Amino acid sequence: MAVRKRKKILRYTIISGCLVAVVTSGVWFATYRHYNAKLIDERAAYEEQLQDKDEVLERYMDQSQTAYVLLTPKLAGEAVTEEDVTQEKLPKFSSPDNLISESKAIVGKYMKIDAMPGTAVTTEMVRDEERLEPSERKEETEYIKLPLRLNKKDVVDIRIVFPNGEDYIVVGKKSLEDVDLVNQYTFFNDNEEEAQLLNSALVDAYINNAELYMKQYVEPELQPDPVVNYVPNLDVLGAIKNNPFIIDQAKWGLAEKLRTELENRLKAIEDGNKIRVGSQAPSGSGVTQRKAEQGAAAAETDAVDNSQSVNGIIDQTNQAPVDSSANQNSAGVTNDASATDNDLLKGE
């Protein structure tokens, strides 16, 4: 009996041990599979993050741009020489868009601000002249006929054409800071003398039916500065001669005689034949007037008469009173008697 009982206990012990071993192995195996799957998922996510970061880094490193970096400290007004800068490649994602990328755009230019070594030079940090003229100011115009394809930073001449076809340069080789073709605005810097010439040209546009317009340069870097040959009216000439900001007075010595001769030629034109050259198509010709929402020619409307305005803009913006009551034909020729100079200026 005792032997049989011991065998029975041993059998139960072996079975219980096997069951415990099986259960323990199952629990361990399930736990292992759970954590192993978790580790596999975490490893896959980590590898995916690394791949994304590698792609981003590779994309940024590929998009590099040329820049010129200062090797020496520079003060405002100092010239930049070849020894002052070195060419480097900078990542585009962390660099400004207006970095200077050509040697000719920085060597020989003058610093606008103080800068330390290691500074990447941008176009806004340098200028062509060492110092600004004392009378240089920002100019805003909306009375000049603009080319249809005019762009910001274009270099232009501002010209004036009289009814007899005489054409003169009022302001030469100006770099435009900004352009608003929709509203016909242009922005650039000018000095006191140029401002006086523009004002005189605007008066000529009112009184003598002249028209102001811009012409773009083809290659401004290769083309020299033009000779400004426009002669302002006698009142403006007097103001120029008495203006302390205008240093070069010698070139205005014969201006009064030239202006008097011009006005005599303009007076010889009959009032009925005075047209603003360029603003209207010649009567009876095959020329079609240029019309566009953006550009030089403003569309004609029945409600507004632009015949006495400059490019059809000043009347609409009420910059100055203008007599627009005269009937006009399609060629821009005045049928009624022309108003006097004083009437045009007074808006009568």
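Me: How many aromatic pairs does the structure hold?
Reply: The structure holds 2. Rings of Phe, Tyr and Trp (its six-membered ring) pair if their centres lie within 6.5 Å; planes under 30 degrees apart count as stacked, over 60 as edge-to-face, and the rest as tilted. This is a predicted model, in which local features need pLDDT of at least 70 and side-chain atom pairs pLDDT 80 or more, while totals for chains, interfaces and linings use all residues. Residues are numbered from 1 along each chain as its sequence is written, and side-chain values use heavy atoms, with hydrogens and water left out.

Me: Why is the pair F162 and Y168 called edge-to-face?
Reply: The ring centres are 6.1 Å apart, so F162 and Y168 pair. Their planes stand at 75 degrees. That is over 60, so the pair is edge-to-face.

Me: Why is the pair Y185 and F187 called stacked?
Reply: Its centres lie 6.3 Å apart, within the 6.5 Å limit. The planes are at 20 degrees, under 30, so the pair is stacked.

Me: What makes T122 buried?
Reply: Its relative accessible area is 11%, under 20%, so T122 is buried. T122 lies in the loop between strand 3 (110-111) and strand 4 (126-127). Helices (H or I, at least four residues) and strands (E, at least two) are DSSP runs, numbered from the N terminus. Leaving aside neighbours within four places in sequence, T122 is in contact (heavy atoms within 4.5 Å) with P96, N98, L99 and I100.

Me: Why does T86 count as partly exposed?
Reply: T86 has 24% relative accessibility, between 20% and 50%, so T86 is partly exposed. T86 lies in strand 2 (residues 85-91). Beyond four places in sequence, its contacts are A67, Y68, V69 and L71.

Me: What makes N233 a cap of helix 3?
Reply: A side-chain oxygen of N233 lies 3.2 Å from the backbone nitrogen of D235, at the N-terminal end. A polar contact is a pair of N or O atoms within 3.5 Å; within protein, one must be able to donate a hydrogen and the other to accept it, and residues adjacent in sequence count only if both atoms are side-chain atoms. The 3.2 Å distance is within that limit.

Me: How do you know that strand 5 and strand 9 pair?
Reply: Two strands pair if DSSP finds at least two bridges between them. Here 5 bridges join strand 5 to strand 9 (residues 185-190), so they pair. The two strands run antiparallel. E140 stands opposite F187 in strand 9.

Me: Why do strand 5 and strand 8 stand at the edges of the sheet?
Reply: The open sheet of 3 strands has the order 5-9-8. Strand 5 (137-141) and strand 8 (178-180) each have a single partner strand, so one side of each lacks a neighbour in the sheet.

Note on methods: Buried means under 20% relative accessible area, exposed over 50%, partly exposed in between (1.4 Å probe, protein chains only).
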